Amino acid sequence: MKKTRREFLKTGGMIVVGSLITPSIVSAEIIMQTQTGDTLTKHELPKLPYAYDALDPYIDTLTMEIHYGKHHKAYVDNLNNAIADFPAMGKESIDVLLMNVGSAVPDKIRNAVRNNGGGHYNHTLFWNSMKPGGGGAPSGVLADAIKNTFGSFDEFKTKFAAAAMSRFGSGWAWLVINNDKLEIGSTPNQDNPLMDIADFKGRPLLGLDVWEHAYYLKYQNKRADYINAWWNVVNWEEVNKRFAANK
């Protein structure tokens, strides 16, 4: 028997596999539903995949402790507080929640979900985009795609750094895949290209945090020095996996 739209959504129709889903697929009635006795399933702070000092000397220990243990934790806690009256949102993946933040999240909590849900997603991707002994250059199909799109890996780095440097105030620089094409752009604050309300859209492959709390203790106002140092810890194996999963 063919499932109804409601049954489809309840039994996994909103799971993200590979590329972006169309935001209109997710029903506001489903994502906002609250049932009597329903218990909130909370979003959780993921475990950091390495020690606080593992990225030294490029990212210092104190910055990592504060950035992960204070800033990221606060985003998770604030997100859970914001959605406390909407248990379905606690059960939904952060990806789907952000893809529909402009269309299916109630007005009264939209900004909180946008800012804190974005901060949670962005930082989770950021931690996993780095590793001790990282850096170098990508290989395989991602390397070929970067060369074909930007001309060379060095030219890609130049354009990515320009996106990071030109973001006024706080925000992020991104490498995304959008309709099978690689693109570079940036978003303000804790916005990201997944959001249906973002000006720059795509499936994030690599993101760089250019909020001052990400680098000020070590680099002060020298954002360019931070960006240059960051290339030494990029986890290209992880970026390759994201690229392969979203082709």
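Predicted model: local features only at pLDDT ≥ 70, side-chain atom pairs only at ≥ 80, totals over all residues.
**Exercise 1**

Decide whether histidine 123 is buried or exposed, and find what surrounds the residue.

*Solution.* 
- Start with the location: histidine 123 sits in helix H6, residues 107-128.
- Next, check accessibility. Buried means under 20% relative accessible area. Histidine 123 has 0% relative accessibility, so the residue counts as buried.
- Now look for a polar partner. A polar atom of the histidine 123 side chain lies 2.7 Å from the backbone oxygen of glycine 119.
- Last, set aside neighbours within four places in sequence. The contacts of histidine 123 then are His67, His72, Tyr75, Trp172, Gln190, Asp209 and His213.

**Exercise 2**

Work out how the buried residues of helix H11 are arranged around its axis.

*Solution.* 
- List them: Trp236, Val239, Asn240, Arg242, Phe243 and Asn246 are buried in H11, residues 236-246.
- Look down the axis. These buried residues fall within an arc of 160°, so they line one face of H11.
- Turn to the face away from the buried side. Lys241 and Ala244 are exposed there.
- Find the packing partners of the buried residues. Among them are H6, helix H7 (140-150) and strand E1 (171-178).

**Exercise 3**

Classify the ring pair of phenylalanine 156 and phenylalanine 160.

*Solution.* 
- Take the geometry. The ring centres are 5.8 Å apart and the planes meet at 50°.
- Apply the cut-offs: under 30 degrees is stacked, over 60 is edge-to-face, and the rest is tilted. So phenylalanine 156 and phenylalanine 160 form a tilted pair.
- Check the spacing. The two residues are 4 apart in helix H8, about one helical turn.
- Check burial: both phenylalanine 156 and phenylalanine 160 are buried.
- Widen the view. Phe156 and Phe160 belong to one aromatic cluster that includes Trp230, Trp231 and Trp236.

Notes. Residues numbered from 1 in each chain as written. Heavy atoms only, no water. Buried < 20%, exposed > 50% of the residue type's maximum accessible area, 1.4 Å probe, protein only. Polar contact = N/O pair within 3.5 Å; in protein donor to acceptor, adjacent residues only side chain to side chain. Contact = heavy atoms within 4.5 Å. Arc of directions from axis to C-beta. Phe/Tyr/Trp six-rings, centres within 6.5 Å; stacked < 30°, edge-to-face > 60°.
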